[in-house]
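Morning, everyone. I'll take a few minutes to talk about pockets. Please look at the model on the screen.

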Amino acid sequence: MIILILSRKKLRILSHTILLSNCCCGIIIAILLMVIIIVANFSSEPFKTIILGCGFDSPTQTTMVCIFNIHVSLLAGERCFSIIYPFKYQRLANHKNITLILLFAWILPIATIYMVVILYSQIKFGNCTGWIAVDGIHIFITYFIPLTIFFLPMISTFIAYTIIIGKIFSMQRKVSHKVDMTNIMVSTSTRGALFLKNKKAILQMTLLLSIYMSCLTPFLLLHLELIPPTVKYYYIASRATYMVASIYFVIHPLLVAYFTAPIKKEIKKLLHHCCLYPHFLGHYNYRRKTHRATFTRKSSKESFKNRTETSEMKTYFR
């Protein structure tokens, strides 16, 4: 997705900067998960505890998920603002404001979650994992922050799309009312018809929220220990839900790209080119082979005719 946006001149616009940053955050999370798996399975003590405890423990994972979910909320807010206030959006969406927003999205979680926990643990206990013994920090990292960052994208996406649908609904009501006042044949538009006209925005909101909840809710239930660890197959379920939750960080940028018309258009062009180019190449090679075979048959017929005429001439002059 990053390569596609950067390689197409039409897509290198300011409104896609947040999506690019979101994709970068997803890539960092994927690398983080791969490093955790490699270290947990192939590293030995004490390096395993040091690496996982200081670099890739709960503060790091919570910080990266918080950054990603802030980007999800920013994308929903940016889409809502660009539709409701298009002229203000064009005036305010400049390099300075977008840079400040992205710095806020990255620096705030790092400063308030990761740096606070790690620095406190280093100063108080002289190591990276001492924060676990402090009940307040442990509750803050394990329960409060995950719940907050879990509900943040849901609430922001729901509010943003509700405002968009309400704005479209009111505009269509006004247009239909004006048409009814000017036409002789009055056709009052019902709420059901307006609902069907807004089905695209409703479908987007439903799809985003349903995928988000289905991927992250099972993991949150196990992470908060709302399901007790004594349940059978608890650890297998925790690993499975962890992997499903990780897949969401790949799915969401793809969904946003699909719902963005210019990116969707370029993806279709790329797929169309990739799918049709081999067919065109095969058809072109087939035509070349057919033409070559026809030319060979014609040349062989002409050479046979020439040889026949030559032999007849030799026979005649004898």
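First, a term we need: a helix here is a DSSP run of type H or I with at least four residues, and the helices are numbered from the N terminus. Also keep in mind that this is a predicted model.

With that term in hand, which helices each supply at least two residues of the lining of the second largest pocket? They are H4, H7, H9, H10 and helix H11, which runs 261-317. H4 gives the most to that lining, with seven residues. The space in this second largest pocket is about 520 Å³. It is lined by 26 residues, and the closest to its centre are Arg79, Gln204, Phe259, Thr260 and Ala261. By type, the lining has 16 nonpolar, seven polar and three charged residues.

Now the largest pocket. How much space lies in it? About 1,300 Å³. Its lining is made of 40 residues, with Ser58, Gln61, Phe219, His223 and Tyr242 closest to the centre. Two or more lining residues come from each of helix H2 (17-42), helix H4 (58-84), helix H7 (135-182), helix H9 (199-223) and helix H10 (234-259). Which of the elements gives the most to this lining? That is H10, with nine residues. The lining of the largest pocket divides into 27 nonpolar, 10 polar and three charged residues.

Definitions and conventions:
Residues numbered from 1 in each chain as written. Predicted model: local features only at pLDDT ≥ 70, side-chain atom pairs only at ≥ 80, totals over all residues. Heavy atoms only, no water. 1 Å grid on protein atoms, 1.4 Å probe; cavity = no way out; pocket = protein on both sides within 12 Å on 5 of 7 lines; lining within 4 Å. Points joined across faces, edges and corners; volume = space filled by probe spheres on them. Nonpolar A, V, L, I, M, F, W, Y, C, P; charged D, E, K, R; others polar.
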